Amino acid sequence: LTETASSGGRDSQGCVSDIVMGKSPIDFDGSALSNDAQSADVMQRIIGKNGASSPSRGTAEPEMRGLYILLTMNNEGGMEVLKYSGRLCTQKPDIFYSKPVQLALTIFRAKKDHNYAKFFRLLRCPSTPYLYSCIMFKYVEHMRKETLIMMSKVYGAKHKTTGEAFYDSYPLEKLVNLLCYEDESEAKEACRHYGITVEGDQVRWRHSKFREPRDPEKGLIIPLKPRKMIRTIESKLNGATRLSVCRGGVSGQGATLAGAPTNVDAEALLKERQRAQEEMKQKLAEAKAKEEADRMRQEKIKKENTRQERLAAEKRAKEEAARRAEQERMRNEQLKRDR
């Protein structure tokens, strides 16, 4: 099959042929699919609702770009996503501004900013495609753990004089909805795993101290693997089969390229590309500046710690010298009295 198609003077990814070379393709259930260009099941093999009218035969490039962003969110501390989206914005702005790519970038920002409420809200949202939710599942354990750390510090904060917790209780049902647990039993299991006290249907922060259990022999942290998220993720299938998922049946709006854009103002598009490129350069510069500032701050803290340790050592040496001098003086006085 040809992998590129020319449309309106521009290349679009996809297959320009409805048939395949050689033997007829086999469906997931073992039945042979017709290899006749005029057959109805040929149209069924095309991805997406707009696949038949698309010069790229329904290529799901926006969705694939978004999936790549979600899969590489942890690479280089997020820098790979910034570089990738910057190139995409300048080279293919129509793909960059598509709904799947923008949704993936929104999820990336929520995770990078430790915005657990937004992250799980996007995971629950019915408009977030099934495949996106499946990749978000990869980060669920980490985001839940970060959330419980923050909540234990905020809700478990104690008054300086009385020692009483400001917010001692939190409804378990609310925690289930917030972090997309399957039920209260899973939420209780997570709380027990991290040393958080649960009494009845309330989380008690006063007697809780977040901790991660370790293997007694190896000393490694024991992770808490989340259950299969039937209520939040699998429900988005709506009965769709694996073949339907592969064919874009649950990919959401904007997953495929409907065709080449028409009547595009070239000058306006060029300005938009330049503006987007400048914005991305600024973001990269800010990220590098922040990284450099963090490095300088760490070096400053390290130097200050070294200085404090040196001062403490000098103080201890002076105190030890004074103590010895005092002992010598007292010994001399005792010798004089003995004489």
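Which residues are buried in H5? Pro100, Val101, Leu103, Ala104, Leu105, Thr106, Ile107, Phe108, Ala110 and Lys111 are, where buried means under 20% relative accessible area, exposed over 50% and partly exposed in between, with a 1.4 Å probe and protein chains only.

A word on the model comes next. It is a predicted one, so local features need pLDDT of at least 70 and side-chain atom pairs count only at pLDDT 80 or more, while totals for chains, interfaces and linings use all residues. Residues are numbered from 1 along each chain as its sequence is written, and side-chain values use heavy atoms, leaving out hydrogens and water.

Overall, the protein has twelve helices and five strands; these are DSSP runs numbered from the N terminus (helices H or I, at least four residues; strands E, at least two). Of its 339 residues, 33% are buried.

Back to H5, which takes in residues 99-112. Ten of its 14 residues are buried, leaving the helix mostly covered. The cover over those buried residues includes helices H2 (61-71), H3 (79-91), H4 (93-96), H6 (116-124), H7 (130-136) and H8 (140-154). Just after H5, His114 takes a positive phi of about 60°.

Elsewhere, His193 sits in helix H10 (residues 184-193) and is buried, at a relative accessible area of 15%. Leaving aside neighbours within four places in sequence, His193 is in contact (heavy atoms within 4.5 Å) with Arg211, Pro213, Ile222, Pro223 and Leu224.

Notes. The expected span of a helix is 1.5 Å times one less than its number of residues.
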